[in-house]
Amino acid sequence: MSTGFDATALTGFSAAEAYDAHRPSYIKPAVDDLLTQLRVSGVPRAKILDLAAGTGKFTELLAVRDERYQILAVEPHQQMLAKLKEKRLRGVEVREGDAVFATPEALASIARTLRPAGKLGLIWNIEDYNQARDYPTKTRWESDLRTINWKYTTDTSPRYKDVAWAAAFEGQSVFSPIEEKIFEVKVWLEKEALWQRLGTLSNIANLSDGEKDDLRDDFDEVLEDAVDVERNGKGEIAVHYIVHTAWATKI
């Protein structure tokens with residue numbers, strides 16, 4: 001089955017172990033609110049289709065809830081799929097399959113899987129350094145790191161920071177207008193943990209060894225030169241990101 005992803009993006013996600021280890025989970029307030037908007041919070045054994053499940057960051061949170069959801073998790077990438085299967089999550093069936101959202105055709109396909117008035121929900125963790133070019137970052141150093149991140153974004157795979165996903169909902173007739181909510185988060189990371197987290201982005205993971213060396217030099221320079229890096233008593237760095245949730249109803 002077609003994945004719908006650029007080949008280089010799939011290569012970038014090949015290090016599923018690193019992705020699972022260094023990408024964040026989703027904060028409880030955002031998950032609880034999204035499930036309420038989707039009208040499955042408190043609904044025993046509700047059926048949920050988890051598209052682009054990855055290594056199961058969101059799937060894990062669904063699987064441990066008291067509702068004991070019946071979950072079908074779909075993921076196109078082989079290594080991530082294997083990692084997800086290893087977890088043997090309660091109530092979760094795992095399948096390989098398409099997982100593309102950013103087209104009207106994809107929305108029509110998703111709508112066909114839903115009951116009348118069924119709900120589509122979306123959720124992202126997006127660090128300030130992985131945002132759109134005009135996003136107002138909380139600090140200058142995160143803006144500088146974002147500029148470097150964009151410098152190394154050269155493949156054509158659709159990404160959140162391209163701000164193209166919302167256009168798929170314009171002019172389509174299968175879902176209601178999209179509704180959205182933003183949750184702002186600040187976490188504390190050691191410098192090396194931040195470097196590892198940056199490296200889980202597909203465009204970064206795709207770089208050659210030489211390019212990664214150059215990126216590391218740029219990364220170190222940003223943090224060394226920045227005057228607005230906030231550190232706690234352990235020397236950890238304050239890193240800002242958002243959890244973006246969105247939902248729509250099948251018409």
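**Touring a predicted fold**

Visitor: Is E236 buried or exposed?
Guide: E236 has a relative accessible area of 16%. With a 1.4 Å probe and protein chains only, buried means under 20%, exposed over 50% and partly exposed in between. That puts E236 under the cut-off, so the word for E236 is buried.

Visitor: Before we go on, what kind of model is this?
Guide: Residues are numbered from 1 along each chain as its sequence is written, and side-chain values use heavy atoms, with hydrogens and water left out. Local features need pLDDT of at least 70 and side-chain atom pairs count only at pLDDT 80 or more, while totals for chains, interfaces and linings use all residues, as this model is predicted.

Visitor: Where is E236 found?
Guide: Helices (H or I, at least four residues) and strands (E, at least two) are DSSP runs, numbered from the N terminus. E236 touches W188, L189, E190, E230 and R231, leaving aside residues up to four places away in sequence; contact means heavy atoms within 4.5 Å. As for its place in the chain, E236 is in the loop between α10 and β6 (237-249).

Visitor: How many Å apart in space are E236 and W188, C-alpha to C-alpha?
Guide: Along the sequence, 48 residues separate E236 and W188. In space, C-alpha to C-alpha, the value is 5.5 Å.

Visitor: At what angle do α8 and α10 pack?
Guide: Axes are lines fitted to C-alpha atoms, for helices over the stretch in contact, and angles run from 0 to 180 degrees between N-to-C directions. The axes of α8 (residues 191-198) and α10 (residues 209-225) are 12 Å apart, and the helices pack at about 135°.

Visitor: Which word describes α8 relative to α10?
Guide: Under 35 degrees is roughly parallel, over 145 roughly antiparallel, 65 to 115 roughly perpendicular, and the rest oblique. The angle here is about 135°, which makes α8 oblique.

Visitor: Which residues in α8 meet α10?
Guide: On the α10 side you'll find K212, L215, R216, F219, D220 and L223. The α8 side of that meeting is K191, E192, L194, W195 and L198.

Visitor: How many aromatic pairs does the structure hold?
Guide: Rings of Phe, Tyr and Trp (its six-membered ring) pair if their centres lie within 6.5 Å; planes under 30 degrees apart are stacked, over 60 edge-to-face and the rest tilted. The number of such pairs is five.

Visitor: What is the angle between the planes of Y26 and F58?
Guide: Their centres are 5.7 Å apart. The pair links distant parts of the chain, with Y26 in the loop between α2 (16-22) and α3 (28-37), and F58 in helix α4 (residues 57-63), 32 residues apart. Y26 is buried at 19% relative accessibility, and F58 is buried at 14%. This pair is edge-to-face, with an angle between the planes of 85°.

Visitor: And what is the angle between the planes of W124 and W165?
Guide: This pair is tilted, with centres 4.6 Å apart. W124 is in strand β4 (residues 119-127) and W165 in the loop between α7 (140-151) and β5 (179-189), 41 residues apart. The angle between their planes is 45°.

Visitor: Near what value is the phi of R88?
Guide: Most residues other than glycine have a negative phi. R88 is in the loop between α5 (78-86) and β3 (92-96), and is exposed, with a relative accessible area of 74%. Its phi is positive, near 45°.
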